[in-house]
Amino acid sequence: MEFLLAGNYAHYVLMLSTLVLLMGAAFLGKRIGKRRQAQDLPVDDELKIVLGAILSLFGLLVGFTFSFAINGYQARIQAEENEAIAIGNAFQRISVLEEKYQPRAETMLQEYLSLRIQFFETTNEDNRADIRLEAIQLQTHMWKLISQLAQQNPNAVMVTALNASNELYTAQQKTMSSWQRQVPGAAWILLLFFAVCSNYLLGHNIRGIHGNNTIIMLLPALISLALLMISEIDSPGAGIIYVTPENLNALRHTLELGGLAP
């Protein structure tokens, strides 16, 4: 199912495909139901009970799936906040370096901050992978610089600078661990199965040969919108619902104003 959710516009293609599928199931059920009415077959009230049960279970599944997607979205928000804190701490800790090394370290941190902002802002997965690799390389260079200085002048103060540099990598790894979909493919298949069954039974239970089709189209449209919302929330860095680097941008603005004193 993940390959269906790849890309910036695949969510809307998926929504339209789901809408067509569910409407097809609903109208198929209505057509079969009309045949039963034309043959004067007795109304099967058990189908109404089954429809109610399936709709109830489907509602629970949608609720649980939405909860999983929201948890992943909140984890990405927290990861962005943690990265801002780690970078801010690093700016404070490099103040203990010798004056001749501070400009170089600050420049590297500024570049690192810009890369992490670009990581959250870009919607292209290939660009995001390149940005992440560049940020890791920059963090590695910073670690080597501070570790060399710590070897030349080992003390507790230099240890804090080393820890601050290491926290950059740790925060970035936590971001990547949260940068994945929380809803598994099996859950999507189960949701679609329940959606098709519920719409088929809904159409089957519609009475009246010349009834209005507005009602029968309502449930497929609502279900498609609900699945689209879940897909948007559950897709990191894509769609219209994504984590914006508000804390990282605020940190950059603070640094431009000369703040963040140790």
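**Exercise 1.** Which residues does Leu109 touch, not counting residues up to four places away in sequence?

*Solution.* Before starting, note that this is a predicted model, in which local features need pLDDT of at least 70 and side-chain atom pairs count only at pLDDT 80 or more, while totals for chains, interfaces and linings use all residues. Residues are numbered from 1 along each chain as its sequence is written, and side-chain values use heavy atoms, with hydrogens and water left out.

Take contact to mean heavy atoms within 4.5 Å. With residues up to four places away in sequence left aside, Leu109 touches Ala90, Phe91, Ile94, Met142 and Leu168.

**Exercise 2.** Describe the helices of the protein and its overall burial.

*Solution.* Begin with the elements, which are DSSP runs numbered from the N terminus (helices: H or I, at least four residues; strands: E, at least two). The protein has 8 helices and 0 strands. Next, turn to burial, where buried means under 20% relative accessible area, exposed over 50%, and partly exposed in between (1.4 Å probe, protein chains only). Of the 262 residues, 40% count as buried. Finally, look at the contacts between residues at least 6 apart in sequence: 81% of them join residues at least 24 apart.

**Exercise 3.** Which residues of the largest nonpolar core touch the most other members, and which elements give two or more residues to this core?

*Solution.* A nonpolar core is a set of buried Ala, Val, Leu, Ile, Met, Phe, Trp, Tyr and Cys residues joined through side-chain atoms within 4.5 Å. The largest one holds 35 residues, and those that touch the most other members are Ile87, Leu109, Leu113, Leu168 and Leu248. Two or more residues come from each of helix H2 (45–93), H3, helix H4 (125–152), H5 and helix H8 (246–256), with H3 giving the largest share, 9 residues. Apart from this core lies another, of 17 residues, among them Leu22, Ala69, Leu201 and Leu202. As a general background, nonpolar side chains in soluble globular proteins tend to be buried together.

**Exercise 4.** Why does the pair of Phe119 and Trp179 count as tilted?

*Solution.* Rings of Phe, Tyr and Trp (its six-membered ring) pair if their centres lie within 6.5 Å; planes under 30 degrees apart count as stacked, over 60 as edge-to-face and the rest as tilted. The structure holds 4 aromatic pairs. In the pair of Phe119 and Trp179, the centres are 5.1 Å apart and the planes stand at 55°, so the pair is tilted. Phe119 lies in helix H3 (residues 102–121) and Trp179 in the loop between helix H5 (156–178) and helix H6 (185–205), so the pair ties together parts that are 60 residues apart in sequence. Phe120 also pairs with Trp179, here edge-to-face, at 5.5 Å centre to centre and 80° between the planes.

**Exercise 5.** Where is Arg128 found, and is Arg128 buried or exposed?

*Solution.* Arg128 is found in helix H4 and, at 2% relative accessibility, counts as buried. Arg128 lies over the face of Phe119, at 5.7 Å from the ring centre, where such a placement requires NZ of Lys or CZ of Arg within 6 Å of the ring centre and within 35 degrees of the ring normal. Arg116 also lies over the face of Phe119, at 4.4 Å from the ring centre.
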